[in-house]
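Take a walk through this structure with the model open beside you.

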Amino acid sequence: MLTEMAHIGSDVCEMQLNGVSEMMDLLQIDVETDVVEDRAGREAAPFSRNVLRKQRHWERQLAAKKSKRKEEKQRRKLNREQESGSREISRLAGQLRRLYGSNKKAIRPFHLLLTDLREDSRLYRECLRMNAGFLNYMMDITEESCLDLFSPETVVYLTPDAEEALETVDADKVYVLGGLVDESIQKKLSFSRARELSVHTARLPIDEYMVKKNNAKNFHSKILAVNQVFDILLTFCKTGSWTEALQAWFPQGKGYVVAPEFSLPLSVPPSQT
């Protein structure tokens, strides 16, 4: 009986032990689940902060890249403008060299003055760099304006936008050629400058002696470089003929030709027979 009781007790104990074991298993599972959930809760906040921190860092990097691209775009634009301005200054310096060469060879040269030309200007430095012997040119160079040297009544500012055509060149007048290059895209710049100075304006008689010529690009322009205007004036003073001056020096690429009624006959070489 004792044995049976012992056996029963043993079974009971085993059942009890098994029950405890199962309870412990359940308890262990519960404990581990609570620990995981509690740990997840504790780690959730740092994890969220890390995500937010990484997101903000990414947003800052993205904004920095956009800002850098914008800055680089602006820098390239400024560089292009500076390069374009440098090329125009170089062209103008070259035009002055050709203008001086034409005047030097003329039988009746003009008295040349370069006004508003400061020694610290880019044009002055470019003239020194490109034009050998520039400081020994037979012309006056001054920082003063034309109105500092001459009365407004004697000044004629040549501009393609003037209403009045130049009929003749008066020895008692001072003719101003604005320092513009023919590639300039600024409209009426020389005319606006003349208005600021309140001086008389005139244009070359292109409309009176020339007509548009058909061309593939349908391009027509009356804007000339300073040396081209100068050569036309120099030839007119020599020949007294606008037709001859314009026909000799007006660039063909500008899309204009001397009107047929004013065209000069081409000289025919003598027969070799």
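Which residue in β4 stands opposite Val 155? Val 174 does. This is a predicted model, where local features need pLDDT of at least 70, side-chain atom pairs count only at pLDDT 80 or more, and totals for chains, interfaces and linings use all residues. Residues are numbered from 1 along each chain as its sequence is written, and side-chain values use heavy atoms, with hydrogens and water left out.

Begin with the overall plan. The protein has seven helices and seven strands. Both are DSSP runs numbered from the N terminus: helices are H or I with at least four residues, strands are E with at least two. Along the sequence, the pattern reads α-β-α-β-α-β-β-α-β-α-β-α-α-β. Of the 273 residues, 28% count as buried. Buried means under 20% relative accessible area, exposed means over 50%, and partly exposed lies in between, with a 1.4 Å probe and protein chains only. Contacts are heavy atoms within 4.5 Å. Among contacts with a separation of 6 or more, 73% come from residues 24 or more positions apart.

Now the sheet. Strands of a sheet pair through backbone hydrogen bonds, either parallel or antiparallel. Here three strands form an open sheet in the order β4-β3-β5, and the pairing is parallel. Two strands pair if DSSP finds at least two bridges between them. The edge strands are β4 (174–177) and β5 (200–202), each pairing on one side only. From one strand to the next, the twist averages 35°. Strand β3 (residues 155–158) pairs with β4 over four bridges.

Two helices pack on this sheet. Helix α4 (residues 189–197) touches β3 and β5, and its direction makes about 160° with that of β3. Helix α6 (residues 226–239) touches β3 and β4, and its direction makes about 150° with that of β4. Axes are lines fitted to C-alpha atoms, for helices over the stretch in contact, and angles run from 0 to 180 degrees between N-to-C directions.

Turn to helix α2 (residues 122–130). Its buried residues include Leu 123, Tyr 124, Glu 126 and Cys 127. These four cover an arc of only 165° around the axis, which puts them on the same side of α2. The arc is that of the directions from the helix axis to the C-beta atoms. An α-helix has 3.6 residues a turn, so residues three or four places apart point the same way.

Rings of Phe, Tyr and Trp (its six-membered ring) pair if their centres lie within 6.5 Å; planes under 30 degrees apart are stacked, over 60 edge-to-face, and the rest tilted. The whole structure holds seven such pairs. Tyr 209 and Phe 262 form a tilted one, 4.9 Å centre to centre with 55° between the planes. That pair links distant parts of the chain: Tyr 209 lies in helix α5 (residues 206–209), Phe 262 in the segment after β7 (256–258), 53 residues apart. Tyr 209 is partly exposed at 22%, and Phe 262 is partly exposed at 30%. Phe 250 and Tyr 256 pair edge-to-face, at 6.0 Å and 75°. Both of these residues are buried. Tyr 100, Tyr 124, Phe 134 and Tyr 137 are linked by ring pairs into a cluster.

Last come the cysteines. A disulfide here is a pair of cysteine sulfur atoms within 2.5 Å. The count comes to zero. Cys 146 is buried at 8% relative accessible area, while Cys 237 is partly exposed at 31%.
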